[in-house]
Amino acid sequence: MEQIIANGLYLGAQYALIALGLTLIFALMNVLNFAHGQMYVIGGFVTYTVYAQIGMPFIVGVLASGATLAVVGALVQKFLFGPVIRKSMREESTMLLAAGIAFFLDAVILLLFGEKQRGVPKIVNGIFNYNDFTIVMPYDRILVGALAILAIAAFILYMQYSKTGRAMRALAQDKVAAQLMGVNVEHYSIIGFALGAMLAGVVGGLLVTITGINLGMGGPTSIKAFMMVMIGGAGVISGAIAGGFILGMLESIGLSVLASYGDITYLVIFASLMVFLAIRPQGLMGKPWG
Amino acid sequence: MLNRRVFMRTVFVAGIAVVAGMAAPQQAAAANEKLRIGFVGVTSGPAAAWGISNVRSMQTRAAWINATGGVKIGEKTYDVDIVTFDDQKDPKRAIAGMEKMAQEKIHYVVGPNVDDGAAAVRPVAEQNNIIYFPYAFPKSLYVKPASNAVLGMVANYQSGPAIYKYLKDKKGVKKIAFVCANESDPLSQRDGGVEAAKALGLEIVSSNVTYQVDTTDFTPVLTPVVSKKPDLLVLSGVAPANAPQLIRAARELGYKGLMSAETAQDANVLKEGAGDLANGFISVGGASTPEIASDTMKEFVARYTKMFGEYNDESNTKVYALEYILETLKTNPKAINDVAEFKKTMDTFSAPNPYMKGDAKLKYVGMTSFGQKRQVAVPMVVNEYKNGKFATLFIAEVD
């Protein structure tokens, strides 16, 4: 059981970081960014290129992933989502645009980075072995888990105490009121999207050391991120974090406890999620009014 | 005005001359008639690696043939033209792809890459006289009354028993566990493996653990399997993208036994994803290990690498289908538009295997498994991964 809990906590930390960027973009612009997973994949490939191919330090690779995706996110918001949100009152317009961007990024990833699974050398060797394999955790996972928690904490502090963070929270709470108070919606929307995409890039860069990266990871990553956001409550940062840890723990427990019944873990998770959403559609921490 | 007209005429004539000049060498190069060979398989999305190694193998070989004057079939010399269709691993798209091949009067197609796609295209292929070379294992595709599908590789129910027996005899394996993705190909491969292991008298300690195809962290998946302490952990039907993560997770959980797969893997992917933890991993390969690769195989690898930047070890097996099609057509040129002639030739066909050292032959096999010759004889090379490379563990043949 100790191992199951350790696996769940690690998965939860990485999932929470994935969900944060998605929920931020949703909170600011009401956009369901279906391309979030593809942005995560690009982040992984950038770190792979910088760290494994060029041979620069790992941290440079992660920073390059964050910077690259921040630029991609800003451009996507300025030239794609921004104009569509201004011109169209229909929410499905942004959803279709996001799906289109996801397909486009998949094609770009295939062209730039190829079809193969990629991995990087371990950043830390060795395994933490407690009480003769009662709990086993490779040191690189512990480090990545710690970095993920650190990144989550930094993000919360930034959103809580910086001027930009306060402006974005104001936008998320009430766009019209924020505008009346002098918040530049377009400017902070670009920053918000860039920040959300940057988080996807950073987590892609961090996790390439553990899971590797390949072209096909984008779609499934987006689906998991949406699940976490649904569990925690769309557009609520603390909800995304809670959703990440809950999903990680459910996955870890299910894969061990239900293993003898076959691959039914996600069946159980999805069924539970349906029941949960029927009772509480706004998620754990979301507000019923939006 | 006159000057302008003269200028325009000069530009026009010069333009015609440039276009004609550019076209002339192409016309010379295009003097050969085109022999179009199709590919229907997955080249995008999560499983893109399966089909891309197929397509690139075909394109590399076709470019090589065309650069050296084409392929002579009967009295005519042809340039090989590869017509591709991405089925996105969707059976409905695979049917559309095969219908496209039929509309374009293509009679020989490589693919699809997976079981359901290969089964879905069967009616289209049979109705439109198309011989196709799937990388799918269901026996119903190859036993009578089916006759248009030719298995392009060694099936797991052929390689699995050989690997388990070798490991039982040489490494003392007694307890075996299976883990696979929860989709049709890996599940059927796992079931075949379980049967083969039972037949050999091995104790199966775990066989019902599966994982979602999109799993990226395999530690929770393997935790219950590793606790059973098998001597051999079989990764049934494992995709090259997942193999390194599974190996790494198992080793990091303290697993000390052997690991194997009956699918082709890529040494560089294993090296990047699992490093030294992959040492000793056993998989089925093709013909590029140093012990058996001919100079032609080495040149193929070099040309592939030059054309696409990086070689894929899966192509060691996938280089063969196009070769079989062309060599069979060379043996019986009437088959070029008549698949009945092709089928007739398959029973007696034999040609030197250019990719292997020694006197290995290209021939159709499958009598034991399918009751008719509906499989290409690719060498069943069982490899062991060691320090970034595959080494040949043993070589066997399918009859």
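Chain B splits into domain 1 (34–153 + 294–378) and domain 2 (156–263), with bounds that come from an automatic or database domain assignment. The centres of the two domains of chain B, taken over C-alpha atoms, are 29 Å apart. Across the boundary, 9 residues of domain 1 of chain B are in contact with 11 residues of domain 2 of chain B. Two residues are in contact if their C-beta atoms, placed from the backbone, lie within 7 Å. On the domain 1 side, the touching residues comprise 5 nonpolar, 1 polar and 3 charged. Here Ala, Val, Leu, Ile, Met, Phe, Trp, Tyr, Cys and Pro count as nonpolar, Asp, Glu, Lys and Arg as charged, and the others, Gly among them, as polar.

This is a predicted model, in which local features need pLDDT of at least 70, side-chain atom pairs count only at pLDDT 80 or more, and totals for chains, interfaces and linings use all residues. Residues are numbered from 1 along each chain as its sequence is written, while chains are lettered from A and ligands numbered from 1 in the order in which they are written. The model scores ipTM 0.78 and pTM 0.79. Chain B has a mean pLDDT of 88, and 91% of its residues reach 70 or more; pLDDT is the predictor's confidence in each residue, from 0 to 100.

Now chain A. It has 11 helices and 2 strands. These are DSSP runs (helices H or I, at least four residues; strands E, at least two), numbered from the N terminus. For 290 residues, a compact globule would have a radius of gyration near 19 Å, and chain A agrees at 19 Å. That radius is taken over C-alpha atoms, and the globule rule is 2.2 Å times the number of residues to the power 0.38.

Helix α6 (residues 163–173) of chain A buries A167(A), M168(A), L171(A) and A172(A). They line one face of the helix, because they fall within an arc of 140° seen down its axis; the arc is that of the directions from the helix axis to the C-beta atoms. K163(A) and Q173(A), on the other side, are exposed. Buried means 20 or more other C-beta atoms within 10 Å of a residue's own, exposed 12 or fewer, and partly exposed in between, with C-beta atoms placed from the backbone. The buried residues of α6(A) pack against α1, α5 (139–161), α7 (175–180) and α8 (185–211) of chain A.

Finally, the interface: 33 residues of chain A are in contact with 34 residues of chain B. On the chain A side, α10(A) gives the most, with 4 residues.
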